[in-house]
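Open the structure in a viewer and keep the selection tool at hand. The stops below go from ring to ring and end at a loop.

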Amino acid sequence: AAAAGAEEEVRALPQALPWYPDQLAWSIPMSRKTLRKSSRLSQFHQFLISETEQGNISRQETVSLVPPLLLDVKPHHKVLDMCAAPGSKTAQIIEFLHAQDNSAPVDQLSSSAMPSGFVVANDKDNKRCYMLVHQTKRLLSPCCIITNEDATIFPNFYLESATVGRKQKVQFDRILCDVPCSGDGTLRKNLVLWKRWVPTLGTQMHKLQQRILCRGIEMLAVGGRLVYSTCSLNPVENEAVVASVLKMSQGAMELLDISGELTELKRSGGVHMWKVMSKSGQWFSSYSDVPDSLKSHLLPSMFPLSSDDSTSYHLDRCIRILPHQQNTGGFFIAVLTKNRPVPWQRQKEKKPTLLLPPPPPSSLTKEEDNVDVVGKAPLQEEKKEDEKDMSDEETCSKSRKKKLSQLCYRD
């Protein structure tokens, strides 16, 4: 028994992850339950708890370290983590922002050493946002903003611009879309999932994942990098979402080839072909095979693209991390870059204008001589000033227009 205990203790020695830079990530080959119950490792367990509370270390699933690494965050970047809770990936991003001076404690850094970049960590669930606050406040960084918004309709941010002299909409340099998913890649550790998993979990999440990714692309700056990831291995949640968005972008978005990054990380490429399962367990290879009764549940974007589109979009550049490759959970990662604004974004930014033809010269009266060429209202100076000062003119009575114009003014 003593020999067996010694052998277990040797196996439990922390090991540096070979693919993580500068040996800053270590793996403990045992479960949390075993670590808590082991009398031999009680002091080590207390050490982990103490250092975690002080913000010196963070504990998380090994494979979830990969997406923030592939973001390639620099200290000057504006970063958005769209689905951030519980906050382990956000903590990684904060560390990368402060990488310019990681030798000194954060509370001893001078103001000049503070990074110019920041991270906005968002989550829709209010309770999970409290977990996010607890996770990030350990690091004592002023470069983190926490929001509680729906990622599919995440609001725009505006910052004062010294050069322009007015507020400008923030375009993020890096965006992490670690979206909600069925979680079938965590089946090794999440035993509850074995009881509640059904084939429709992936199809139910597909549309939500697509909307989050589209909103992230809208807020990404041209030339920026976006990482889309799930802890699922279902192509409907992974390649199908990425391929459908690439098709909608019409060349504005592109999958990056990251085969030269994290070279020691064992991985597989993305798939080009897959089938979609209905609730009853029936498989379909293409949307044309789906009966009308199921077309409200199974969408065209869930199915593989044509062979030409699939080749041009380079879905093989996606990353699939399989559990048996390096004793981790299953994970999917796609790294995209933005070449230009996406088509639907350009359409939103265009403001519709109505130009009316000018009246014929013969029909102009003395009163109409003061009408501009596009048929606008008379250009009397007094009336122009009134219309400029009043934003709610339709709700004000004619007798009180001048008085309310001072009260209703909006910048």
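**Aromatic pairs**

Six aromatic pairs are found when rings of Phe, Tyr and Trp (its six-membered ring) pair if their centres lie within 6.5 Å, with planes under 30 degrees apart counted as stacked, over 60 as edge-to-face and the rest as tilted. Select F157 and F172: this pair is edge-to-face, at 6.3 Å centre to centre and 75 degrees between the planes. The two are 15 residues apart and link distant parts of the chain, with F157 in the loop between β5 (144-147) and β6 (158-160) and F172 in strand β8 (residues 172-178). Strands here are DSSP runs of E with at least two residues, numbered from the N terminus.

The model is predicted: local features need pLDDT of at least 70, side-chain atom pairs count only at pLDDT 80 or more, and totals for chains, interfaces and linings use all residues. Residues are numbered from 1 along each chain as its sequence is written, and side-chain values use heavy atoms, with hydrogens and water left out.

Colour by accessibility next, where buried means under 20% relative accessible area, exposed over 50% and partly exposed in between (1.4 Å probe, protein chains only). F157 is partly exposed at 24% relative accessible area, whereas F172 is buried at 1%.

**A loop glycine**

Move to G281, in the loop between β12 (276-277) and β13 (283-284). G281 has a relative accessible area of 33%, so it is partly exposed. Now select P199 as well: its C-alpha is 7.3 Å from that of G281, although 82 residues separate them in sequence.

Definitions and conventions
Helix = DSSP H or I, 4+ residues; strand = E, 2+ residues; numbered from the N terminus.
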